[in-house]
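We will go stop by stop.

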Amino acid sequence: MPTATIELSGHIIDSMMLPRIFDAVMDMGGTFRIEEFHVGQSVDETSYTRIALSHDDIAGLTSIIAACQQQGAALVETASARTEPAPTDGVFPDAFYSTGNQPTRVLVGEDWVEVEGIEMDCGIAVEAGRARCVAVTDVRAGDAIVCGPAGIRVTPVERSRSREIFGFMTSNVSSEKPKHLIIRELAAAMREVRDRNGRICVVGGPAIIHTGAGVHLSRMIALGYVNVLLAGNALAAHDIESQLFGTSLGIDLRNGLPIEAGHEHHIRAINRIRAAGGIRQAVEEGMLTSGVMYECVRAGVEVVLAGSVRDDGPLPDVITDMIEAQRAMRAALRGVELCLMLSSMLHSIATGNLLAAVVKTVCVDINPAVVTKLADRGSSQTLGLVTDVESFLRELSEQLT
């Protein structure tokens, strides 16, 4: 029976790394035997275990090893990572190693090399002693792609042992959290990132505008708390509609009442921006003098608007090629340390797929399923708040000012 031995160290019990490994082994039809186990006796002392794995066939054992590696386990018998050339553009070798979003190193020769730009569901290309994460759409024929589990070490981000919002509450989805405390601590974290010139990303949906929260987000942008904005056509279109016509989806934002022919306003707003040549041009011409997009232009925020098949217009700034939009989002997220996902299921999940696990992430939505989907997709670092986005942004902007 094929066997292999793995080892695991760190805060492996309270971070749930060890139970997940046991579950993975049994769910995949394998067996395990604990050969050594030391439990840390204090807050600072780590635990260690050495586990023998077995499966009826080598393919099953390889799959188990890969699953255990995603939880931080490492093969005891180390060997350099094995690579195979990509057979053609846009295609990995069949046995390619599929990445997670946790910090990952590859053994190249005698050196453990950090994988640059780690994100989930990609491959690892090795060249000139360096390793980088590469999406299947961006791999090129002949790229040396890591194959199999050998020479891979994953270091999961452990749960913080201090009582702060990105430690003791991460991955929970509830409408019953102490929101005032969380928002206050989030504001402190944002202030700390901004003051040292770190990068903060906001992923936004049109509900920000529909609920009247655009003014709060605009204030945060003006204060320098947003460096990257990822959204779709709708947020930008309705933000501009609200500035030109005072409505969002034809609803008067002052009194919440529909107005005559208000359903035309968003497409008329889009048409005016198209005539101007784009959002920046509309700002420079004086057509657009306030709002989220106006503040983004003024503050030099990096904006990526990724379109969809349902978009009206769209605005000329919207990227309609999904592969190009993905690439633009990936580039904009480089160096981001904190990400706020606000009332946008599709763009939040897309962004979560591109983020490394070390990026502190907060998802705010009235629908708990949005945060659940993020966690199911692997964005386990996400702190979820089930609440109205307007009340959240109003209180957050007040804390930041």
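Start by selecting H5 and helix H9 (residues 292-299): they pack at an angle of about 5°, with their axes 9 Å apart. Helices here are DSSP runs of H or I with at least four residues, strands are runs of E with at least two, and both are numbered from the N terminus. An axis is a line fitted to C-alpha atoms, for helices over the stretch in contact, and angles run from 0 to 180 degrees between N-to-C directions. The angle makes H5 roughly parallel to H9. Angles under 35 degrees count as roughly parallel, over 145 as roughly antiparallel, 65 to 115 as roughly perpendicular, and the rest as oblique.

Now show the side chains. H5 brings Gly214, Leu217, Ser218, Ile221 and Ala222 to the contact, and H9 brings Val292, Glu295, Cys296 and Ala299. Contact means heavy atoms within 4.5 Å. By class, these residues are 6 nonpolar, 2 polar and 1 charged. Ala, Val, Leu, Ile, Met, Phe, Trp, Tyr, Cys and Pro count as nonpolar; Asp, Glu, Lys and Arg as charged; the others, Gly among them, as polar.

A note before moving on: this is a predicted model, where local features need pLDDT of at least 70, side-chain atom pairs count only at pLDDT 80 or more, and totals for chains, interfaces and linings use all residues. Residues are numbered from 1 along each chain as its sequence is written, and side-chain values use heavy atoms, leaving out hydrogens and water.

Color His216, Leu217, Arg219 and Met220 on H5, then Glu390, Leu393, Arg394, Leu396, Ser397 and Leu400 on H13; they make the contact. It has 5 nonpolar, 2 polar and 3 charged residues.

Next, select helix H6 (residues 233-245) and helix H7 (residues 265-276). At what angle do their axes cross? Roughly 95°, and they come within 8 Å. That makes H6 roughly perpendicular to H7. The contact includes Ala237 and Phe245 of H6, and Ala269 and Ile273 of H7.

Now two loops. Go to Pro314, between strand S17 (302-305) and helix H10 (322-332). The peptide bond from Gly313 to Pro314 is cis, with omega near -15°. Then find Ala128, in the loop between strand S8 (123-127) and strand S9 (130-134). Its phi is near 50°, a positive value in a residue other than glycine.

Last stop: the largest cavity, with about 40 Å³ of space. On a 1 Å grid over the protein atoms alone, a cavity is a set of points where a 1.4 Å probe fits but cannot get out; lining residues have an atom within 4 Å of a point. Grid points are joined across faces, edges and corners, and the volume is the space filled by probe spheres set on the points. Among the lining residues are Gln69, Trp112 and Arg153. Strand S4 (74-75) and strand S11 (152-154) each supply at least two.

Technical notes
On a 1 Å grid over the protein atoms alone, a cavity is a set of points where a 1.4 Å probe fits but cannot get out, and a pocket is an open set with protein on both sides within 12 Å along at least five of seven lines; lining residues have an atom within 4 Å of a point.
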